[in-house]
Amino acid sequence: MMIQAVHVPESAAAVAAHSARGGWIMGGGTVVMPLVNSGAATGSELISLRRAGLAGIEVRDGVARIGAAAPLSSVEEHPGLGFLRPAMRTIASPTIRNLATVGGNLFVAQPYGDLAVCLLALDALCEIAGPGGRRDAPVADVLASGVAGGEFVTAVVVTLPEPGTWYYHKAMRRRLNSASIVTVASVTRTEDGVVTSTRIALGGVAPRPVRAVSAERLLRDRPLSPEVLTEAGEAARSDTAPFDDAYASAWYRARVLPVHLRRAFTG
Ligand SMILES: Cc1cc2nc3c(=O)[nH]c(=O)nc-3n(C[C@H](O)[C@H](O)[C@H](O)COP(=O)(O)OP(=O)(O)OC[C@H]3O[C@@H](n4cnc5c(N)ncnc54)[C@H](O)[C@@H]3O)c2cc1C
């Protein structure tokens, strides 16, 4: 479809007014623009979030509120979000990270969406605006079901993980600028080496980021030893629905999942 209008509203309320009338929300456009250029766009109007005042990041009292239109490079560079820096640096290239936004990363198909995997492990909350007003929803719901027509994400809110509880590992074909074969992100607490609580999110192994609930169950009250972690990775296969793509086959993804889950914790 040909694009007939591009709106660049200057507030979230103005975005909401445009989206209520239809139109396609655009963050950084790294996914949207190639579709527009190839004629595969599904709508005829674009609504850019670039000037809508949704790009701020505030970190205060152990909580981060990250505007949906914040580019990934702002997350990477923010001094209060240092735990996410290594993860951000596994995403695409610096040029793409300057354009691609936090909100957009929630809506890209796997094997992309590595920040989305982190946000799922962190149990982030999405702030959403739309024709019906404002609402909040767990990122798990947004990743599983998207948002309603006319709605858009305005920010994500994250409780910062306690020191020593954050784990991230992304297996790629190349060390940089490559999509995920398996991405693992986790907030895991231990006491005397034994797991007291854990949330594990996986990317690259299902059409959307998923929680590895079987692995989480297996790890509770057990040590974070390589053997237990391998068992947990094998259990996690039942939480996944791997796919074939240009980076890896479904078979390969399932086969290497336990190795990469273990590496997320043991390095
Ligand atoms: C070459 C290349 C390599 C990449 N490699 C990686 C990688 O390794 N890891 C990774 O995680 N990602 C990767 N990406 C994907 C990149 O991170 C995403 O393209 C980006 O995060 C999407 O953000 P955007 O703002 O550009 O989205 P857009 O293209 O603007 O939008 C994408 C979708 O999200 C919707 N959307 C955008 N913002 C919102 C919002 N606030 N509320 C509701 N809907 C919204 C749009 O309507 C659209 O459907 C890569 C992309 C490219 C082009």
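Hi everyone, let's start with Asp-192, which is exposed at a relative accessible area of 80%. Please keep in mind that this is a predicted model.

Asp-192 sits in the loop between strand 10 (180-191) and strand 11 (194-203). What is the phi of Asp-192? The value is positive, near 50°, in a residue other than glycine. As background, most residues other than glycine have a negative phi, and most peptide bonds are trans.

Asp-61 also has a positive phi, about 50°, and is not a glycine. You will find Asp-61 in the loop between strand 4 (57-60) and strand 5 (63-67). With a relative accessibility of 76%, Asp-61 counts as exposed.

Now for a peptide bond. The one joining Gln-110 and Pro-111 is cis, with omega about 20°. Pro-111 belongs to the loop between helix 6 (102-105) and helix 7 (114-121).

Three strands make an open sheet with parallel pairing, in the order 1-3-2. At the edges are strand 1 (5-7) and strand 2 (24-26), each pairing on one side only. From one strand to the next, the twist averages 25°. Strand 2 pairs with strand 3 (residues 45-48) over three bridges, in the parallel sense. If you want a landmark there, Met-26 stands opposite Ser-48 in strand 3.

What packs on this sheet? Helix 1 (residues 12-20) does, touching strand 1, strand 2 and strand 3, and its direction makes about 165° with that of strand 3. Which residues of helix 1 are buried? They are Val-15, Ala-16, His-18 and Ser-19. These residues cover an arc of only 165° around the axis, so they lie on the same side of helix 1. The buried residues of helix 1 pack against strand 1, strand 2 and strand 3, and against strand 8 (152-159) too. After helix 1 comes Gly-22, with a positive phi near 100°.

On to the aromatics. How many aromatic pairs does a search of the whole structure find? It finds two. In one of them, the ring centres of Phe-83 and Trp-166 are 5.4 Å apart and the planes stand at 90°, so this pair is edge-to-face. The pair links distant parts of the chain, 83 residues apart: Phe-83 is in the loop between helix 3 (72-77) and helix 4 (85-88), and Trp-166 is in strand 9 (residues 166-172). Trp-166 counts as buried, at 16% relative accessibility.

Tyr-167 and Phe-265 form a tilted aromatic pair, 4.6 Å from centre to centre with 40° between the planes. Tyr-167 is in strand 9 and Phe-265 is in helix 11 (residues 250-266), so the pair ties together parts that are 98 residues apart in sequence. Both partners are buried: Tyr-167 has 15% relative accessibility, and Phe-265 has a relative accessible area of 12%.

Last, the cysteines. A disulfide is a covalent bond between the sulfur atoms of two cysteines. How many disulfides are there here? The count comes to zero. Cys-118 is in no disulfide, and its nearest cysteine sulfur is that of Cys-126, 14 Å away. The cut-off is within 2.5 Å. If you are wondering about accessibility, Cys-118 is buried with a relative accessible area of 0%, and Cys-126 counts as buried at 0% relative accessibility.

Terms used:
Residues numbered from 1 in each chain as written. Predicted model: local features only at pLDDT ≥ 70, side-chain atom pairs only at ≥ 80, totals over all residues. Heavy atoms only, no water. Buried < 20%, exposed > 50% of the residue type's maximum accessible area, 1.4 Å probe, protein only. Pairing = 2+ DSSP bridges. Helix = DSSP H or I, 4+ residues; strand = E, 2+ residues; numbered from the N terminus. Axes fitted to C-alpha atoms, helices over the stretch in contact; angles between N-to-C directions. Contact = heavy atoms within 4.5 Å. Arc of directions from axis to C-beta. Phe/Tyr/Trp six-rings, centres within 6.5 Å; stacked < 30°, edge-to-face > 60°.
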